[in-house]
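Dear colleague,

Please read them beside the model.

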Amino acid sequence: QLGDAPLAVPAAAAGEAHVLANLIKRWFRQLPMRLFDVVPSERRVACSTGAECLALLQSDAFPPLQKGITLWLLELMSDVVDNGEENKMSLDAIAIVLSPNLYTPLAEGADPYEALHHAKVMAHFVVELLSAFTSTRNQWRSNSDGLAASEEAAEAA
């Protein structure tokens, strides 16, 4: 169930990537408070680099629940990007597709140019955050792979 609406996903569609992606987007859209709304928009806009965006995520600005969900989502998005040759989703593409579901858009009737600019800024925040997260994850994985190989070599000796 998602919010008040029960979900009935036909078994044949359950393995379809676009069906699962739409369910994930819908879940984020229907949260009582959008994931990134816990941090004032001005703080998100102020992040111009991936390191700044990652530092904001790691700060106390994100409560533990939202931080955990964001880290889970970043892992998922990184996995999608890692399989980009198969699924045709780049880092920019997945950030653009998911970011509108992670913050509350400007109020209805807002200036369309302002709303478009706001959407671009939020997509940029997600792109930078995902880029920094993916880079950090890849470094950590390569370091842990090297450590595991060193440990195996030491045990073999």
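With rings of Phe, Tyr and Trp (its six-membered ring) taken to pair if their centres lie within 6.5 Å, and with planes under 30 degrees apart counted as stacked, over 60 as edge-to-face and the rest as tilted, the count comes to three aromatic pairs. The rings of Trp27 and Phe28 are edge-to-face, because their centres are 5.0 Å apart and their planes stand at 85°. This is a predicted model, in which local features need pLDDT of at least 70 and side-chain atom pairs count only at pLDDT 80 or more, while totals for chains, interfaces and linings use all residues. Residues are numbered from 1 along each chain as its sequence is written, and side-chain values use heavy atoms, leaving out hydrogens and water.

Trp27 is partly exposed at a relative accessible area of 37%, whereas Phe28, at 0%, is buried (buried means under 20% relative accessible area, exposed over 50%, partly exposed in between, with a 1.4 Å probe and protein chains only).

The rings of Phe36 and Phe62 are also edge-to-face, since their centres lie 6.0 Å apart and their planes are at 90°.

As for disulfides (a pair of cysteine sulfur atoms within 2.5 Å), the count is zero. Cys47 is in no disulfide, the nearest cysteine sulfur being that of Cys53, 4.1 Å away, which is too far for a bond. Cys47 is buried at 7% relative accessibility, and Cys53 is buried at 0%.

Best regards
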